[in-house]
Amino acid sequence: MTDHLLATPPAAADTTTPELELAAVDKVYSSRRGTTEALRGIDLQVAAGEFVALVGRSGCGKTTLLRILAGLLPPTGGEVRAGGRPVWRGARRDEETVSRFGLVFQEPNLFPWFTIEDNVALPLKLRGVDRHARRARAHELCDLVGLGGFEKSLPRELSGGMRQRAAIARALSCDPSVLLMDEPFGALDALTRDRMNLELQSIASTTGATVVFVTHSIPEAVFLADRVVLLSPRPGRIHSVVDVDLARPRELEIDVEPAFRETVRSLRGGLDEEDTKRSGAGPWEEA
Ligand SMILES: Nc1ncnc2c1ncn2[C@@H]1O[C@H](COP(=O)(O)OP(=O)(O)OP(=O)(O)O)[C@@H](O)[C@H]1O
Ligand SMILES: [Mg+2]
C-alpha cells in the first residue's frame, strides 16, 4: 500500500553502530516546588531498522524518554546518540542529527490556520521543496492515512483521530530514518487503530525506518514491535526487554496465536510484579 510513496529503498541495517543509543540516561525535573526523578540509569540500544515499543504505567517516564531521544529535552545525566553522533552536547541538541527524526506525539499540534495539506507538507517547505512536489507528496500521505479528500480542510473541521492521522502524515513527509511516536493511536477508535497498526508495520518495513513507539497497550506493542521495553514506575528504569519472535508481515488475527499470547502474558506479568512491589507506595497509576 505504501510502496509508491517511498523514494528510497530500505537501508541495509548497519550492524556495527546502533541507530539509537542511550547510556546511563537520567532525568530529574527541577522546579521551585521541588524535584521529580523521572528516569534513572536507562541503557538501551536500538539497531537500524528495528521497531522498539516502550510500555509502562502512566507517569513512568515514557514521554520523557522519547523527548530526550528526540532532542526536545536534555537529560540530566548520561549519553544519547543517534547514528553514533551525540544528540545532546550539554543542553544543546545537534540539529543535523535530530533533522533525521520524524516525531508524532500524543497531541497532533497542527497549525489551526493551515490546511491539512499545508500542515502535512510543512517540513518539506522548511527544507525548500518546491510547491508542486510538496503538494503531490502531501496528497500521497493523506491517502495513506485515510485523509484523502480532506487536504483542503482546516484542522478544526476534522475529528481528533483524523487530526492525529494528519500529524502522522506530517512526520512521514521527509522520509525520516528514525520515527519517534508517543501514543500516536491513543485517540483513535479501535477499528481505525487496527488499520493504522497495519499501515505503520508496512511503512516501517518498506522504509527500513527505526521506530521507537510508546503505547499503553501491551497487545499493540507486541503486534508492532521487534522488542518491547517495559519500564518500571517512577523513577523509570528498564524492568525487562522482551523479544517478539513473530514472523512479519503480521496480520491482526495474530493475536490468537500462542506465541503472541505468551508474549503479552509475560509483559503483563512484569507490570503486575512492579505493581506488587509498589503497593502502598503511592496512588495507583493505570497503564
Ligand atoms: N515538565 C515537567 N516538570 C516536572 N515533572 C514532569 C514534567 N514532565 C513530566 N514530569 C514528571 O515526570 C514523570 C514522568 O512523566 P512522563 O510524562 O514522562 O510519563 P509517561 O510515562 O509518559 O506517562 P503517560 O503514560 O501518562 O503519558 C511524571 O512523574 C511526571 O509528573
Ligand atoms: Mg506520556
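**Entry 1: helix H5**

I began with helix H5, which has 13 residues and reaches 19 Å from its first C-alpha to its last, close to the 18 Å expected at 1.5 Å a residue. I note here that the model is predicted.

I then asked how many residues of H5 are buried. The count is 11 of the 13, so H5 is largely enclosed by the rest of the structure. Among the buried residues of H5 I listed Met 162, Arg 163, Gln 164, Arg 165 and Leu 172. Ala 166, Ala 167, Ile 168, Ala 169, Arg 170 and Ala 171 are also buried in this helix.

Next I looked up what covers these residues. The cover of the buried residues of H5 includes strand E8 (101–104) and strand E9 (178–182). It also includes three helices, H3 (116–126), H4 (131–144) and H6 (190–207).

**Entry 2: the largest nonpolar core**

I turned to the largest nonpolar core, which has 73 residues. Leu 69, Ala 169, Leu 180, Val 212, Ala 225 and Val 228 have the most contacts inside this core. Helix H5 (residues 160–172) supplies the largest share of the core, seven residues.

Not counting residues up to four places away in sequence, Leu 180 touches Leu 66, Leu 69, Ala 70, Phe 101, Leu 103 and Val 212.

**Entry 3: the two domains**

I recorded the domain assignment of the protein chain: domain 1 covers 3–100 + 176–278, and domain 2 covers 111–175. The centres of the two domains, taken over C-alpha atoms, are separated by 24 Å. At their meeting, 15 residues of domain 1 are in contact with 11 residues of domain 2. On the side of domain 1 that touches domain 2, H6 gives the most, with four residues. By class, that side of domain 1 has nine nonpolar, four polar and two charged residues.

**Entry 4: ligand 1 and helix H1**

I looked up the surroundings of ligand 1 and found 13 residues there. The closest are Tyr 29, Ser 58, Lys 62, Thr 63 and Thr 64. Strand E1 (20–31), strand E2 (34–46) and helix H1 (62–69) are the elements that give two or more residues to this shell. Which element gives the most to the shell around ligand 1? I found that H1 does, with three residues. The shell has three nonpolar, eight polar and two charged residues.

I then examined H1 itself. Six of its eight residues are buried, and the helix is mostly covered. The buried residues of H1 are Lys 62, Thr 64, Leu 65, Leu 66, Ile 68 and Leu 69. Just after H1, Gly 71 takes a positive phi of about 80 degrees.

**Entry 5: two cis peptide bonds**

I found a cis peptide bond from Arg 234 to Pro 235, with omega near -5 degrees. Pro 235 is in the loop between strand E11 (227–232) and E12. Leaving aside neighbours within four places in sequence, Pro 235 is in contact with Glu 37, Ala 38, Leu 39, Arg 40 and Gly 61. The C-alpha atoms of Pro 235 and Asp 26 are separated by 9.1 Å, although these residues are 209 residues apart along the chain.

A cis peptide bond also joins Arg 248 and Pro 249, with omega about -5 degrees. Pro 249 lies in the loop between E12 and H8. Ile 254 lies in the loop between strand E12 (237–243) and helix H8 (258–278). With 17 C-beta neighbours inside 10 Å, Ile 254 counts as partly exposed. Ile 254 touches Phe 223, Leu 246 and Phe 260, not counting residues up to four places away in sequence.

**Entry 6: positive phi values**

I noted that phi of Ala 24 is near 50 degrees, a positive value in a residue other than glycine. Ala 24 is in strand E1 and is exposed, with 12 other C-beta atoms within 10 Å.

Glu 183 is likewise a residue other than glycine with a positive phi, near 45 degrees. Glu 183 lies in the loop between E9 and H6 and is buried, with 21 other C-beta atoms within 10 Å.

Notes: Residues numbered from 1 in each chain as written. Chains lettered and ligands numbered in written order. Predicted model: local features only at pLDDT ≥ 70, side-chain atom pairs only at ≥ 80, totals over all residues. Near = placed C-beta within 6 Å. Nonpolar A, V, L, I, M, F, W, Y, C, P; charged D, E, K, R; others polar. Buried ≥ 20, exposed ≤ 12 C-beta atoms within 10 Å, placed from the backbone. Contact = placed C-beta atoms within 7 Å. Core = buried A, V, L, I, M, F, W, Y, C linked by C-beta atoms within 7 Å. Expected span 1.5 Å × (residues − 1). Domains from an automatic or database assignment.
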